[in-house]
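Please read the points below with the model open beside you.

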Amino acid sequence: MDKLLRNKKAIIVFMAPGLLLFTLILFVPICQSIYYSLCEYKATSITGPKFIGLKNYADLLKDDTFWIALNNSFFFLVFSCVTQLIMGLFLAGLVT
């Protein structure tokens, strides 16, 4: 085992498939999502996405529906986490 760990080529061969899958499955879609968020994109358009920069984010910050949705998400986050924590501790106490 020590000989295998000292062999740099073997380490690269064993790590390459995992790094390749990580790049293809996680990193590439994240980069595409960031790019598409900076574009104006219509699914029916033939020309494809048109780069508009941070305009989508500026419009989002001006939208009242976004702020209501964000408020609802934080409300759900806080109360679901607190409820799950209390119920989990209670059930753990019952089990012990």
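1. Ground rules. This is a predicted model, where local features need pLDDT of at least 70, side-chain atom pairs count only at pLDDT 80 or more, and totals for chains, interfaces and linings use all residues. Residues are numbered from 1 along each chain as its sequence is written, and side-chain values use heavy atoms, with hydrogens and water left out.

2. Aromatic pairs. Rings of Phe, Tyr and Trp (its six-membered ring) pair if their centres lie within 6.5 Å; planes under 30 degrees apart are stacked, over 60 edge-to-face, and the rest tilted. By this rule there are four aromatic pairs. One of them joins Tyr 36 and Tyr 41, with 5.8 Å between centres and 35 degrees between planes, a tilted pair. Phe 66 and Trp 67 are edge-to-face, because their planes stand at 70 degrees, with centres 5.1 Å apart. Tyr 35, Tyr 36 and Tyr 41 make up one aromatic cluster.

3. Buried means under 20% relative accessible area, exposed over 50%, and partly exposed in between (1.4 Å probe, protein chains only). Tyr 36 is partly exposed at 43%. So is Trp 67, at 42%. Phe 66 has 23% and is also partly exposed.

4. Nonpolar patch. Patches take residues with over 30% relative accessible area and no salt bridge; like charges are joined within 9 Å, nonpolar side chains (Val, Leu, Ile, Met, Phe, Trp, Tyr) within 5 Å. Areas come from the Shrake-Rupley method with a 1.4 Å probe, and for residues only the protein chains shown count as cover. One nonpolar surface patch covers about 960 Å², and its members include Leu 20, Phe 22, Phe 27 and Ile 34. Phe 27 sits in helix α2 (residues 8-37). Helices (H or I, at least four residues) and strands (E, at least two) are DSSP runs, numbered from the N terminus. Phe 27 is partly exposed, at 46%.

5. Ser 37. This residue also belongs to helix α2. Its side chain reaches the backbone oxygen of Ile 34 at 2.7 Å. Leaving out residues up to four places away in sequence, Ser 37 touches Gly 53, Asn 56 and Tyr 57 (contact means heavy atoms within 4.5 Å).

6. Salt bridge. How many salt bridges does a search of the whole structure find? The search finds one, taking a side-chain nitrogen of Lys or Arg within 4 Å of a carboxyl oxygen of Asp or Glu. Asp 59 pairs with Lys 55, the closest N and O atoms being 3.0 Å apart. The two are four residues apart in helix α3 (residues 55-62), so about one helical turn separates them. Asp 59 is partly exposed at 35%, and Lys 55 is partly exposed at 47%.

Conventions
Polar contact = N/O pair within 3.5 Å; in protein donor to acceptor, adjacent residues only side chain to side chain.
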